[in-house]
Amino acid sequence: MTKQWIVGVDGSSVDALRWAVEHAGSRGAAVTALTAFHVPAVMAMMTAKRGFGVDELGLAATAGHDLDMAIADVASGVTVTPQVVEGQASHVLVDAAASADALIVGQRGSGELRHHRLGSVSRYCATHAAVPVVVVPPGWKPRPHVDRGERIVVGFDGSDNAAAALQWALDFADAAATIEVVAAMEVAPWLGNRDTRAKFPDEVAEQEQALTAAIDAVDVDHRTERSLVLDDPRPALGAAAGSADLIVLGARGHGRIGLEFLGSVSTWMLQDCPVPVVVVPHAG
């Protein structure tokens with residue numbers, strides 16, 4: 001069955017579309033590039049006061065033209081279906097992705113919020129979409145792989161969300177890819193690695209066994225490399241991201257605040273990671 005990917009295109013921003021086109025063919029995915037337009041509130045108020053309408057057809061035509069140009073810029077050899085929808089981009093994308101397999105968006109749009117490290121649209125999609133969301137950083141281009149396939153790093157803490165992220169990575173990776181599971185243990189974060197192991201050997205061993213068992217439950221064929229480190233998840237994942245092509249995280253880890261929030265590690269990675277990050281919701 002063909003997978004369906006929805007890609008958000010904001011004006012001339014093509015980062016997300018470039019990533020989707022690069023990966024869709026080998027994953028059997030059909031790509032729909034979607035752009036949204038809406039009448040700004042100020043414009044609506046002004047036209048209402050003056051008794052004339054907004055040229056919605058003109059706005060739609062402009063959005064469609066920009067979308068066609070973006071597709072032509074990056075979609076050589078890959079069929080991409082354009083779609084123009086009226087509405088707020090964040091809501092339009094989440095609604096469109098409800099029946100899809102993945103939603104791909106840029107980390108920051110080209111519009112008025114581009115100065116923010118994580119744009120409002122990408123944040124909304126990552127926290128509200130029911131499907132995995134790929135957030136692509138500005139200027140993304142595929143790395144050349146002379147002697148290896150892609151390197152996919154999965155953040156893992158033993159939660160159901162982490163298990164869902166690992167399963168997604170296993171399904172997404174092709175035969176040449178390397179999947180590394182980074183499980184960061186915080187037994188005594190105020191101590192260094194050596195002192196923690198010396199002072200709390202039983203606690204460290206218990207966490208290692210629990211995490212290994214949780215990974216094995218998902219990765220039954222032992223396709224992954226495992227890194228169990230005594231460190232805060234942020235530097236552990238940050239170090240792994242240096243040579244990664246893709247980071248995969250669960251939507252929320254242990255100690256979640258509420259359903260509308262990402263976990264702190266996921267939020268941090270989305271804001272600062274130089275490579276694409278996938279946020280995978282737990283299906284349950």
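Student: Hey, in which sense do strand 6 and strand 9 pair?

Tutor: They pair in the parallel sense, over three bridges. Keep in mind that this is a predicted model. In that pairing, Val 154 stands opposite Val 248 in strand 9.

Student: OK, and how does strand 9 pair with strand 10?

Tutor: Strand 9 and strand 10 pair in the parallel sense too, over four bridges. Val 248 turns up again here, as its bridge partner in strand 10 is Val 278.

Student: Is strand 9 buried or exposed?

Tutor: Five of the five residues of strand 9 are buried, so the strand is largely enclosed by the rest of the structure.

Student: Which way do its residues point?

Tutor: Leu 246, Val 248 and Gly 250 point one way from strand 9, while Ile 247 and Leu 249 point the other way.

Student: Let's zoom out. How many helices and strands are there?

Tutor: The protein has 10 helices and 10 strands. Of its 284 residues, 45% are buried.

Student: What's the strand order in the sheet?

Tutor: The order is 3-2-1-4-5-10-9-6-7-8, in an open sheet of 10 strands with mixed pairing. Strand 3 (80-86) and strand 8 (225-230) are at the edges with a single partner strand each, so one side of each has no neighbour in the sheet. On average, neighbouring strands in this sheet are turned by 25° against each other, ignoring direction.

Student: What does strand 3 do with strand 2?

Tutor: Strand 2, residues 29-37, pairs with strand 3 in the parallel sense over seven bridges. If you want a spot to look at, Thr 32 stands opposite Thr 81 in strand 3.

Student: And which strands does helix 5 touch?

Tutor: Helix 5 (residues 120-128) packs on the sheet and touches strand 4 (102-106), strand 5 (133-136) and strand 10 (277-280). The direction of helix 5 makes about 160° with that of strand 4. Helix 9 (residues 233-241) packs on the sheet as well, touching strand 6, strand 7, strand 8 and strand 9.

Student: New topic. How many residues are in the largest nonpolar core?

Tutor: The largest nonpolar core has 50 residues. Among those with the most contacts inside it are Trp 5, Trp 19, Ile 104 and Val 248. Helix 6 (residues 160-172) gives the most to this core, with eight residues. There's also a second, separate core of 32 residues, including Val 131 and Ile 247. In general, nonpolar side chains in soluble globular proteins tend to be buried together.

Student: What does Ile 104 touch, then?

Tutor: Not counting residues up to four places away in sequence, Ile 104 touches several residues, including Trp 5, Trp 19, Val 134 and Val 136.

Student: Trp 19 keeps coming up. How many aromatic pairs are there in the whole structure?

Tutor: A search of the whole structure finds three. In one of them, Trp 19 and Phe 172 are stacked, 5.9 Å centre to centre with 10° between the planes. This pair links distant parts of the chain, with Trp 19 in helix 1 (residues 15-27) and Phe 172 in helix 6, 153 residues apart.

Student: Why does the pair of Trp 168 and Phe 172 count as stacked?

Tutor: The ring centres of Trp 168 and Phe 172 are 4.7 Å apart and the planes are at 10°, so the pair is stacked. The cut-off for stacked is planes under 30 degrees apart. Trp 168 and Phe 172 are four residues apart in helix 6, so about one helical turn separates them.

Student: Is Phe 172 buried or exposed?

Tutor: Phe 172 counts as buried, at 6% relative accessibility. The charged end of Arg 27 sits over the ring of Phe 172, 3.9 Å from its centre. Phe 172 also belongs to one aromatic cluster with Trp 5, Trp 19 and Trp 168.

Student: Last one: where is Pro 274?

Tutor: Pro 274 is in the loop between helix 10 (264-272) and strand 10. Pro 274 is exposed, with a relative accessible area of 60%.

Notes: Residues numbered from 1 in each chain as written. Predicted model: local features only at pLDDT ≥ 70, side-chain atom pairs only at ≥ 80, totals over all residues. Heavy atoms only, no water. Pairing = 2+ DSSP bridges. Helix = DSSP H or I, 4+ residues; strand = E, 2+ residues; numbered from the N terminus. Axes fitted to C-alpha atoms, helices over the stretch in contact; angles between N-to-C directions. Contact = heavy atoms within 4.5 Å. Core = buried A, V, L, I, M, F, W, Y, C linked by side-chain atoms within 4.5 Å. Buried < 20%, exposed > 50% of the residue type's maximum accessible area, 1.4 Å probe, protein only. Phe/Tyr/Trp six-rings, centres within 6.5 Å; stacked < 30°, edge-to-face > 60°. Lys NZ or Arg CZ within 6 Å of the ring centre and 35° of its normal.
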